[in-house]
Amino acid sequence: MERRPLTFLFYKQPKHLIKMVSKSLFNKTWLILSLMVFSVATGFAQADVKAGKTLFRDNCASCHNKDMKTKLVGPGLAGVQDRWKDFPKEDLYSWIRNAPKMIESGHKKAVEVFEANNKLPMTAFESLSDDDISNILAYIDAIASGKGVGGGAKSTGGAPSGGVNKEGKKLFRDNCAACHNKDMKTKMTGPALGGVQERWADYPKEDLYAWIRNSQDLIDKGHPRAMEVWNEYKPVQMTPFQNLSDADIENILDYIEHPVEAAVSTPGEPLSPEEPQKDNTWLYAGLAILLLFVALVLSQINGRLRYNAALKSGDSSVLPPPGIWGTIWNRNTRTALIFALFLFGSYKMVRDAVLLSSQRGYQPVQPINFSHKIHAGDQHIDCKFCHDGARRSKHSVIPSGNTCMLCHKAIKYGSKDGTKELTKIYASVGFDPSEGKYIENYDQLSEEDIEKIFTKWIVSQAIEKGEASASEAQQIAEKQWKGIKTALTNPDNGDFKIQGPVEWIKIHNLPDHVFYSHAQHVTAGKLECQTCHGPIEEMDVVEQYAPLTMGWCVNCHRQTDVQFDNEYYKSYELLHKELKEGKRESVKVADIGGTECQKCHY
Amino acid sequence: MMKKNNKKVWVGAEQLTNHPAYVKAANNEFTEVPPITEQLKDDSIVDVTSNRRDFLKYLGFGVGTAVVAAGCDIPVRKSIPYVNKPEQIVPGVATYYASSFVSGGDYCAVLVKTREGRPIKIEGNSFSKVTKGGTSARAQASVLSLYDTSRFQGPVKINAGSNEEMSWADLDKAVMAKLKGGNVRIIANTVMSPSSKAAMRAFAERYAPNSKLEDVLVMYDPISSSAILEANEESFGQKVVPDYHFDKAKVIVSFDADFLGTWISPIEYAADYIVNRRIDDVKKTKMSRHYQIESHVSLTGSNADHRILVKPSAQGAAIATLYNALASKLGFSSVSAPKMDAKTTKKINAIAKDLLANRGTSLVVSGSNNKGEQILINAINAALGNYGHTLEFTNASLQRQGTDQPIQRLIKDMKSGSVSAVFIMDGANPAYDLPNSSEFVEAIKKVGLSVSFAGLPTETTAVCQYVAPTHHYLESWGDVEPKRGHLSLIQPTIQPIFAAVGKEGTRQAEESLLIWAGSEMLDTRAEQPYLEFVKQVWRGNMFGSQGKYTDFQAFWDATLHDGVFEMAQDSVEVTFAGDVNKAASMIRKPGNSELEVSFFETVNMGNGTYANNPWLQEMPDPVHRGVWGNYLAIPIKWNGEDFEALNGLNKMEIYSEADIVELTANQVTNRISAIRQFGQMAGTVATALGYGRSATGKRGKELGEQVGTNVYPMLTFDANGNIQYYAEATVSNKVATDKEFAFVQYHHSMGLTTKGDDGEVMKDTKTGKDFNIDEKAIMILADGFQGGLVDRSVLYHGDINEIDETLEKIKHKRAEAAELNSKTLYPYEEYKEKFYSQGQHWAMHIDMNSCIGCGACQVACVAENNVPVVGKHEVFRHHEMTWLRIDRYFYGDYETPNVAFQPMLCQHCDNAPCENVCPVAATSHSSEGLNQMAYNRCIGTRYCANNCPYKVRRFNWLDYTTADLFPINEPQVADEDLPFGADNLTRMVLNPDVTIRSRGVIEKCSFCVQRIQEGKLNAKKENRELGGNEVKTACQTACPTQAIVFGDDNQKDSHVVERIERPLTYRVLEEINVQSSIFYGARVTNKNEELEA
């Protein structure tokens, strides 16, 4: 086949030069016009909030909770503009751009925030433009204003409507789900809970709270709604939940109202806000169609006129215009369509292929129901206390059994699971909690012997803590022993021994051709663990927070400042000079070769 | 006759004659595989003919597989922590332990790098006064032997060829039932361990009371130094190898002793030798002069200033002639000696003159195993007053203790049935490495009990009754005394592997001996009984000799940490008391036969014990550059028109085809592939010992089996019962063709093209045209910088006596290159200022004057960077994967050329030609000057390799590392049941910090970027600057002569900058403006003008 330029796609008969020019001119106008319309139609819907969302995720989300309410490393951002309203807007902007500088300058609000947040200075985001910041603020407002719980109620929970109240979901699962169906529509032991607030709407809210906390009490008092429910379900009593706070109950109720995810929101992504502006997409689309139509009509007129003119001048070589359908559905548009489809397909394929192996949101069930929330969150144990490799090695290191024993030699009864999970560690390392000492020759013990030691412990604890009677305790022990056995053996791999390590499921997996060093990021780069691992101190079950894709890594390397005061960087004289002279505000990782291939691939 | 060709550097005969195949190969990166032969046609890969239908099938399959693979769940990966984490281990951080590599007489003080409790790399221990931080290829490769899948996993009873596994308790019972005293013998190669000897003594006392250890322990060395021991006993009453000081010698004369490669203690000698050979300051240097008298080219000979060719049988005559030459000058009476020809005598007289001028600072050594010759050598050294200066006995070497006669006496005793039990230590393999191994095989059948301690199946284990496998040295406790007063410890760096995974496991040989002796010295209840035993020996013998520590445990801990310990020795003064006339009567008589063959040891294969180690098998022999086998080195000469080898053999070498001939010596005939060797003396041929093993591993897992030819049966004994490593021989004409001739000399050759002495580009004889037409065209366009591409700067060499000429030449050529390079479009200077001058910029300097070509760096690179083993067939197809190759160049005259070794690796060019041709940017440049390779980005176009002027990029033609999903892509090495490297045990050797490359990608030297990154991170963690010499590459640390220096050239006080600024420094192919980061130091000799004339 002969080689032709790419324009071959659009031209057919190069012989008729004049015609071709006019035709191509027409084609071009038509193409450009339609492209313009297309971009107008799809372009500008809520650009600021959307942009704000991306900016928030890239810059703020590692320290500020995306629900905008709860504190993470930094404070909840809902109402941040209100809090700064006594100061000129520029102050808030410069706070975001360079908080440390502002603290240093002694700005009242800046110092106040600094003090309130355990003197953790906020990272400087010098690269953010005014537009960026206003976008972020718009997004923050969008999220904050979109909440479902009434503004006046002092509630700690609550989710934006359209999303699922996670807290409520958890509470529901832990407390209610045993008796109430989670679809909220069908009866189980207890009634279907959908619309419960409506049914109690005639009474003060406190009554419903009281009912949930202790239903028998309310029945005894003869509360009408309480009697109604009791009559329907007696003799089944609802278990009392004395420990639930008002906020907890509010969360549960909120979850009951919105049990399923309404909006499309992937785990780990900020929940999409209720758009404050009206959606103008249809308007633009209509406009686009109209413009297209006008373009078509114009082209028809143009063609007809040209044909008539040609006929008049006696040029018979000009063909009549092809009509509306012919104009739309001709060879050129078909080619363009195929080409566009091909481009779109390729783009889509590449985009999706990149994410194909990303395990973002991966949250496997671990052999031990270990809660980072209890350890890192409630107990404030430093991450690097257990993951001690993070400071000095490429691996953060899953702590060994004896690390757990540092504390759990003394703390033998879990706050949540009692003996259920902790005994697994004892069985792994060979510690007899009843005696308070390590078992000698543990490695040689048979499974029966081990079972005896630990069931004895579980039984004694169950009775001691008043969980169960002696006979029930035996059952509990048997059940828990089964759990221990499953956690510590792996028959698929020929590991039938209780003794020995716990096989955890690895959550964060990098491909073999990636070299990642925790020490580099934690010790040299002084990053917080949460930067990549997310709010780990809030996770009962750990999930992969970051996508861990190369784009994500490289982006961070482009945006993160190097700890340039480290003596190691002394040899970068030019950069130091530029910093000193004020030619440069910061040194990013990419500036010192942080995006070169062999920094991570070798 | 065109004899002298002093200026030109050459790699082989075909290059000199501009063989079209050579020219083609030199211009192409990917040489065409030799024409498809009959054998290759059977190869299904070659036979595939593709059509469109196939293409669509594969495409469909590929897409389908990708969809299936993508649709599957991501596999669940487990993360298993320690139950009780050992304090010193941090997962992800390497831990180093001091230990000692020992195999027979081979010794190296080492540091073992372990990751998560598994040894992965050997480094030298710089605390050692013996090896001084250097290593050898053998020491580097020893870590792979630990993970040999062939190893015995427990005791075995050999029963008519089939092996029955048994438990240690059963074995102990069986052995002790049969051990009822009588004539008990232990067979071993040199034993350097005081503790082993103590254990053997305890064993001897139990079963042969009233006998001395010497009566029970029969030590022999397959490649024997028996005559040296005997001669020194007779001359000085010291049955040891003296302590040679090559660093104190101004003149070194070696009669066939390969002291840099294989002779006794090569790591130590190389380090000493180079002290007076390297040129740190060209104006002040006093270079030593080295004469080598030999017939085949040894590694040592290739480093010598002068090689004097003498037939193997005339070595004695040459030594006697030298003695007489010295005697006449010194007024001693001469000895009667066979006459040498006038030319050689003249040369020897010149050497004598040189020696006399350096009395007390000269050293004469001989590798001869003839007692008379060794006594004469002693007499020469005594006459020169070298004792007490360049030779001493105070710290005499204990690395060779075996003599040839005792084992022969034992064979006789065994035959007569008077021996009740023999125990064969690991490493000793008398059923293979004795000249009369067949006699040994017969004799051992008459012994009541035979137990081998071998860790791997060998020819000897096959004829023993039991195998009680011992640990690998990396699993053992032990000690070594390589020289009197120099001790070092062996400590385990991993749990004995097989016992740890529920197998019966191995047990230290000494422990077995002590158990069978029922010795009270062994505390069997201790956790590690043999450790306690070694400690007892040290408490008794070594602890008292030092005053630093008063507590034994503190002493032990400190010694274990350092790995080495020195014990003060009483100085030994000697006077020569030998009878030179008697000695002269014992020397070998020059033969009259047309052809003599000499047998030598290679630096990689040794005496044959390393046969199952593929890293060593695949390391090209530095001298003849063949892999996976031994070859018959045949002389080649210029007949005025063409180069002609012995019997007209090997004309097809350039096409990777060798001729197989029949070599007959000592009534034994073997088939062997020939290899043409410049520098091989006419009328002689040579081949290596240690090949042709018939049992090296378990069936299906053996690698070195039947590789090469076993020539041990060709060895003979002299009148004193010492083994002689030469014989009269006949070589037949070609009997067959070796179609898998794995010879890497012409692979990846670069730079040398076709400019003659007269400066004219040579013409193709057929077409009458210049070679390299394309290049010439470029040169015309490039405004006449003619020298640029044809006369390339690859190797500069000169002589110390005319050093100014060499310096001038280098200066001139570099200036010319600089001028050429200044006419560039590349904004190199700008980059340099903006990026390369900031932070680090890495550079390397390789001093070719220090490089002896030993190959330690090459194996170290393989170990460090997970470079795959590809096997012989793949090497034959030019597919070897080594990132670092050692190019061998000849210069000087054709008969005794000088040799230069040039380690060639990625030059990390700042204007890298490979980078800008990559269509997917898989190779790119870093701000630190590294030429980076991102394997997962590479799509395998191989444009980069084509554009690399140094030919250092390697393509993974097959899935050598078994990283592929589909096993069909995996090549097999030596018919293993699993491809080599696929076994989980073998994979334990992999460096976890370096990616395993799969099929279809290019790889190359990364300047050990993992070490660079580690060094940088350590500096950051400690909040300090990174020192310019802090990061060391694997090749650098392996080198026994510090030929390689790596560092940051932005730090002006770094070692590498100091070296770069030396006047002998140049860059290879500097004129093509690639701005390479590797600098070379020119090769300099120190010729004796009298011999040159």
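Two rings of Phe, Tyr or Trp (for Trp, its six-membered ring) form an aromatic pair if their centres lie within 6.5 Å; I call planes under 30 degrees apart stacked, over 60 edge-to-face, and the rest tilted.

**Ground rules.** I am working with a predicted model, where local features need pLDDT of at least 70 and side-chain atom pairs count only at pLDDT 80 or more, while totals for chains, interfaces and linings use all residues. Residues are numbered from 1 along each chain as its sequence is written, chains are lettered from A and ligands numbered from 1 in the order in which they are written, and side-chain values use heavy atoms, without hydrogens and water.

**Entry: aromatic pairs.** I found 57 aromatic pairs over all chains. One of them joins A:Phe56 and A:Tyr139, with 5.5 Å from centre to centre and 55 degrees between the planes, a tilted pair. I then looked up where these two sit: A:Phe56 is in helix H2 (residues 47-60) of chain A and A:Tyr139 in helix H7 (residues 130-145), 83 residues apart. Helices here are DSSP runs (H or I, at least four residues), numbered from the N terminus. A:Phe56 and A:Tyr139 are both buried, meaning under 20% relative accessible area (1.4 Å probe, protein chains only).

**Entry: a cluster in chain B.** Which residues form one aromatic cluster with B:Trp477? I listed B:Trp538, B:Phe543, B:Tyr549, B:Phe552, B:Phe555, B:Trp556 and B:Phe565.

**Entry: charge over ring.** The charged end of A:Lys465 sits over the ring of A:Tyr413, 4.5 Å from its centre.

Methods. Buried means under 20% relative accessible area, exposed over 50%, partly exposed in between (1.4 Å probe, protein chains only). A charge sits over a ring if NZ of Lys or CZ of Arg is within 6 Å of the ring centre and within 35 degrees of the ring normal.
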